[in-house]
Protein chains: 2
Amino acid sequence: MIALIFMIIFFIMIIRRDVFQAIADPTRRQIIEKIAAGPMNLNAIAETFDSSRQAISKHIQILTECGLVVVTQKGRERYCEVCLEQLDEVSDWVSQSKKQWLHRFEKLDHYLQDLKTKTQDDGNH
Amino acid sequence: MIALIFMIIFFIMIIRRDVFQAIADPTRRQIIEKIAAGPMNLNAIAETFDSSRQAISKHIQILTECGLVVVTQKGRERYCEVCLEQLDEVSDWVSQSKKQWLHRFEKLDHYLQDLKTKTQDDGNH
DNA sequence: GATAAGCGCAATCATTTGGTTGCGCAAGTG
DNA sequence: CACTTGCGCAACCAAATGATTGCGCTTATC
C-alpha cells in the first residue's frame, strides 16, 4: 500500500509532462525514431540534425520529463535510450476515441434498420 | 510556375496541419471525446467548457484543418462531427516505434542467450 | 599539465499558441 | 419589423515554445 503511494508520488514527480505534447514536435518524433533501434550518445543524435546540440538536448530533456527517454551517464557521455511504454497512453486514447466514434455508426445503423423494419410494417398495413 | 509553388506552400500551410499537434492540446482532446459520440452544435460544445465560444471555435478550426472534425452548416448552426480516421497516422507511428523498440530487446535477448550458451560451453571445457 | 571532447545551464530572441474582447452578419423568432 | 441567437473575423495580449549564443564544468587524450 505504502509502496503504491510512493509509486504514485514518483510518477507525479517524474512524469510531469504531457506525452501528447512531447510527441507533437516532429523533431522529437524523429529523435524517438532514431534511438528506438538502440541507445545513442547525445552528441551523435545532435549531429544527425541541422539544429544545435543545445536544441536537441532540450528536446531530450522534454522527452525525459515524460518518461519516453531515459538518460544514462557514462563517463563524460550521456546515453539516451527510449522507453516507449508511455506511448500506451496515446494509443489507448486513440483507440478509445475511435471506438466511441465507430459505436456511433453502429447506433446509426440500428436506427436505420429500425426505420427500415417500421417502414416495412407500415407497408404491410 | 511561381503560382504552383505558392499553391504548394498554401496547401502545406493551410490544408495540412499536423495531427500530432492537433491532439497535443488537452482541450482539443476533450472536444474530440465529446463529439465522438455524436455531432454537436458549436455553441453546445463551447458551453461545456470554461473558456469562451471563440476559443473553442478556434480549436475546432484547427481540428478541421487536419481533418479530425468536419463541420456542416445547417441554417445558422454549425454541426461539428469527428472523423477519426486521421488518428491512424498517430497509432501507426506509435505502433511502428514501439515495434522497433521491442525488436531491440529481442536482439538483446538473443545476445544474452548466445552469451549464456557460450559460457556453458566454456564450463564444459 | 595542456588541450580537446561531451555536455548542462542561463540569457536572449523570434515565433507560436491559447485566450480575450469587440464587432458585424445571417438566420430564426416574437 | 425589431430582436435574439449562432457564429466568424480581426485585433490584441500574455505565456509558452524552439532555437541560438556564451560560459563553465567534467572527463578523456596527448
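Which residue of chain B forms a salt bridge with R29(A), and how far apart are the closest N and O atoms? The partner of R29(A) is D18(B), with the closest N and O atoms 2.6 Å apart, where a salt bridge is a side-chain nitrogen of Lys or Arg within 4 Å of a carboxyl oxygen of Asp or Glu.

This is a predicted model, in which local features need pLDDT of at least 70 and side-chain atom pairs count only at pLDDT 80 or more, while totals for chains, interfaces and linings use all residues. Residues are numbered from 1 along each chain as its sequence is written, chains are lettered from A in the order in which they are written, and side-chain values use heavy atoms, with hydrogens and water left out.

Leaving aside neighbours within four places in sequence, L68(A) is in contact (heavy atoms within 4.5 Å) with residues including V19(A), I23(A), I32(A), C83(A) and L87(A).

**The interface**

In chain B, 28 residues are in contact with 29 residues of chain A. The two chains bury about 2,600 Å² between them, 62% of it on carbon and sulfur atoms; buried area here is the accessible area (1.4 Å probe) that two parts lose on being put together, summed over both. W93(B), W101(B) and R104(B) supply 25% of the area that chain B buries against chain A, more than any other three residues.

The count between chain B and chain A is five salt bridges. On the side of chain B that touches chain A, the elements giving two or more residues are helix 2 (19-22), helix 3 (26-36), strand 3 (77-82) and helix 6 (88-123) of chain B, and helix 6 of chain B gives the largest share, 10 residues.

| Pair | N to O distance | Relative accessibility |
|---|---|---|
| D18(A) and R29(B) | 2.6 Å | D18(A) 23%; R29(B) 10% |
| D18(B) and R29(A) | 2.6 Å | D18(B) 23%; R29(A) 9% |
| K98(B) and D88(A) | 2.7 Å | K98(B) 16%; D88(A) 28% |

A search of the whole structure finds seven salt bridges over all chains. D18(A) forms one of them with R29(B); because D18(A) lies in the loop between helix 1 (2-14) and helix 2 (19-22) of chain A, whereas R29(B) lies in helix 3 of chain B, the pair joins two chains. R29(B) is buried, while D18(A) counts as partly exposed. Not counting residues up to four places away in sequence, R29(B) touches D18(A), F20(A) and W93(A), among others.

The side chains of K98(B) and D88(A) also meet in a salt bridge, and this pair crosses from helix 6 of chain B to helix 6 (residues 88-124) of chain A.

Technical notes:
Helix = DSSP H or I, 4+ residues; strand = E, 2+ residues; numbered from the N terminus. Buried < 20%, exposed > 50% of the residue type's maximum accessible area, 1.4 Å probe, protein only.
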